[in-house]
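Subject: Structure for your files

Dear colleague,

Here is the structure I said I would pass on. My notes on it follow below.

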Amino acid sequence: QRVNIEDGSLNTKEFLQELRQSWQDTANKYLDPDHQIDCRSLEAQGITDREPDIHISPTVLVMEAKNPGSTEKMKKHNEIKERNSWIR
């Protein structure tokens, strides 16, 4: 379906939720049952003992490849990953 982006319809919480649900449904068709994804937040899933991860952009990945440990975002990502590994 074609959407006119000037009307702001892509800039709503509902649209984002529909998009995430659609991605979840499509991806899970191809994933093992043990590796299914859930588009809901950790809080909505009832997971309270794990800290949400942060998005690492391709730009940060390139910067880190050239100079490991050079970005604050990757440092924070690794700290969260480390804390969450203790929980598991």
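**Overall fold**

The protein has 4 helices and 0 strands. Taken in sequence order, the pattern reads α-α-α-α. Please keep in mind that this is a predicted model. Its mean pLDDT is 90, and 92% of the residues reach 70 or more. Among the helices, confidence is highest in H3 (residues 58-66), with a mean of 96, and lowest in H2 (residues 42-45), with a mean of 92.

**Dimensions and surface**

The radius of gyration is 17 Å, whereas a compact globule of 88 residues would come out near 12 Å. The C-alpha trace extends over about 45 × 30 × 25 Å along the principal axes. Of the 88 residues, 15% count as buried. Among contacts with a separation of 6 or more, 24% are between residues 24 or more positions apart.

The accessible surface is about 7700 Å², and carbon and sulfur atoms make up 52% of that area. As for charge, there are 13 positive and 16 negative side chains, and the centres of these two sets are 4 Å apart.

**Around Ile56, Met74 and His77**

I looked at several buried residues in turn. Ile56 sits in the loop between H2 and H3. Its relative accessible area is 15%, so it counts as buried, the cut-off being under 20%. Beyond its neighbours within four places in sequence, Ile56 is in contact with Leu61, Lys73, Met74 and His77.

Two of those partners, Met74 and His77, were examined as well. Met74 belongs to helix H4 (residues 72-87). With a relative accessibility of 12%, Met74 is also buried. Ile56 and Met74 are 18 residues apart along the chain, and their C-alpha atoms are separated by 7.1 Å. Leu61 is 13 residues from Met74 in sequence, with a C-alpha to C-alpha distance of 8.3 Å. Setting aside neighbours within four places, the contacts of Met74 are Ile56, Val60, Leu61 and Glu64.

His77 is likewise found in helix H4. At 13% relative accessibility, His77 falls under the 20% cut-off and therefore counts as buried. Not counting residues up to four places away in sequence, His77 touches Asp53, Ile54 and Ile56.

Put together, Ile56 in the H2-H3 loop is in contact with both Met74 and His77, and these two residues lie in helix H4. Leu61 is a contact of Ile56 and also of Met74.

**Asn28 in helix H1**

What does Asn28 contact, leaving aside its neighbours within four places in sequence? The partners are Gln36 and Ile37. Asn28 itself is found in helix H1, which covers residues 13-30.

Regards

Methods. Residues are numbered from 1 along each chain as its sequence is written. This is a predicted model: local features need pLDDT of at least 70, side-chain atom pairs count only at pLDDT 80 or more; totals for chains, interfaces and linings use all residues. Side-chain values use heavy atoms; hydrogens and water are left out. The radius of gyration is taken over C-alpha atoms; the globule rule is 2.2 Å times the number of residues to the power 0.38. Buried means under 20% relative accessible area, exposed over 50%, partly exposed in between (1.4 Å probe, protein chains only). Contact means heavy atoms within 4.5 Å. Accessible areas come from the Shrake-Rupley method with a 1.4 Å probe; for residues, only the protein chains shown count as cover. Lys and Arg count as positive and Asp and Glu as negative; His and the chain ends are not counted. The place of a charge is taken as NZ of Lys, CZ of Arg, CG of Asp or CD of Glu. pLDDT is the predictor's confidence in each residue, from 0 to 100.
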